[in-house]
Amino acid sequence: MATVDYIVTDRYTTPRGSPQRFSEQPLYLPHTRFCYAPVGTHQRSRRRSSRSRGVFTSGSFNRYDKLGIPLIDAWAEILRRAPGSQLLIKASAIDAPYARDELARRFAARGIPRARVELRGRTSHPVMLAEYADVDLGSTRSPTTAGSLPARRCDGGADRSDRGERMISRQTSAMLRVVGLPEFIATS
């Protein structure tokens, strides 16, 4: 936009010399481009470990339109390689029976039984934040990664976006770097 001079970013989301192109000049904040204030009504929930639940749970809290075939293929492969684990997917569209059934069919077509994929729909924001305690490892994937990383809610995130060329494909890996968990950034 000719009327906008700067784009606010950070060194992880937009590394200097990256292939990202802007008509605006990047304005780098010292740590992260995200500004977040906790929801005042949120109460800290106790971490429910996989040991107490009896099953290791990966999770994704994303929009339904981000749950494409390549991501479902990757999750199905992970579930096959970790037979005792499960996947929790939360998206508001899952409230619609068609969307929920279609997602379950996609996993079934890849040999993953419905019992291993928990599908949750919309809840209030405080309830959604508390649900992160049900996840041992957050999972997101390029090209459109998650825009939130709940501190102390899950043990980390697996993000395949560290080499992405767009801000949206680098945001989870940027957050993991800022909170000191770069070892949870997967590059393949």
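Which residues does Ser 58 touch, not counting residues up to four places away in sequence? They are Gln 86, Leu 87, Leu 88, Val 135 and Leu 137, where contact means heavy atoms within 4.5 Å. The model is predicted: local features need pLDDT of at least 70, side-chain atom pairs count only at pLDDT 80 or more, and totals for chains, interfaces and linings use all residues. Residues are numbered from 1 along each chain as its sequence is written, and side-chain values use heavy atoms, with hydrogens and water left out.

**Chain**
- The chain holds 5 helices and 7 strands; helices (H or I, at least four residues) and strands (E, at least two) are DSSP runs numbered from the N terminus.
- Read from the N terminus, the order of elements is β-β-α-β-α-β-α-β-α-β-β-α.
- Of the 188 residues, 41% count as buried, a term for under 20% relative accessible area, with exposed meaning over 50% and partly exposed in between (1.4 Å probe, protein chains only).
- Among contacts in the chain with a separation of 6 or more, 64% come from residues 24 or more positions apart.

**Helices α2 and α3**
- Helix α2 (residues 69-81) and helix α3 (residues 97-108) have axes that come within 10 Å and cross at roughly 55 degrees.
- That angle makes α2 oblique to α3; angles under 35 degrees count as roughly parallel, over 145 as roughly antiparallel, 65 to 115 as roughly perpendicular and the rest as oblique.
- Axes are lines fitted to C-alpha atoms, for helices over the stretch in contact, and angles run from 0 to 180 degrees between N-to-C directions.
- On the α2 side, Ile 69, Ile 72, Trp 75, Ala 76 and Leu 79 meet Leu 103, Arg 106 and Phe 107 of α3.
- The residues of this contact divide into 7 nonpolar, no polar and 1 charged; Ala, Val, Leu, Ile, Met, Phe, Trp, Tyr, Cys and Pro count as nonpolar, Asp, Glu, Lys and Arg as charged, and the others, Gly among them, as polar.

**Burial of α3**
- Buried residues in α3 are Ala 99, Glu 102, Leu 103, Ala 104 and Phe 107.
- Their cover includes α2, β4 (86-90) and β5 (117-120).

**Ser 58 and Gly 54**
- Ser 58 lies in strand β3 (residues 57-61) and is buried, with a relative accessible area of 13%.
- Gly 54 sits in the loop between α1 (50-53) and β3 and counts as exposed at 63% relative accessibility.
- From C-alpha to C-alpha, Gly 54 and Ser 85 are 9.2 Å apart in space, although 31 residues apart in sequence.
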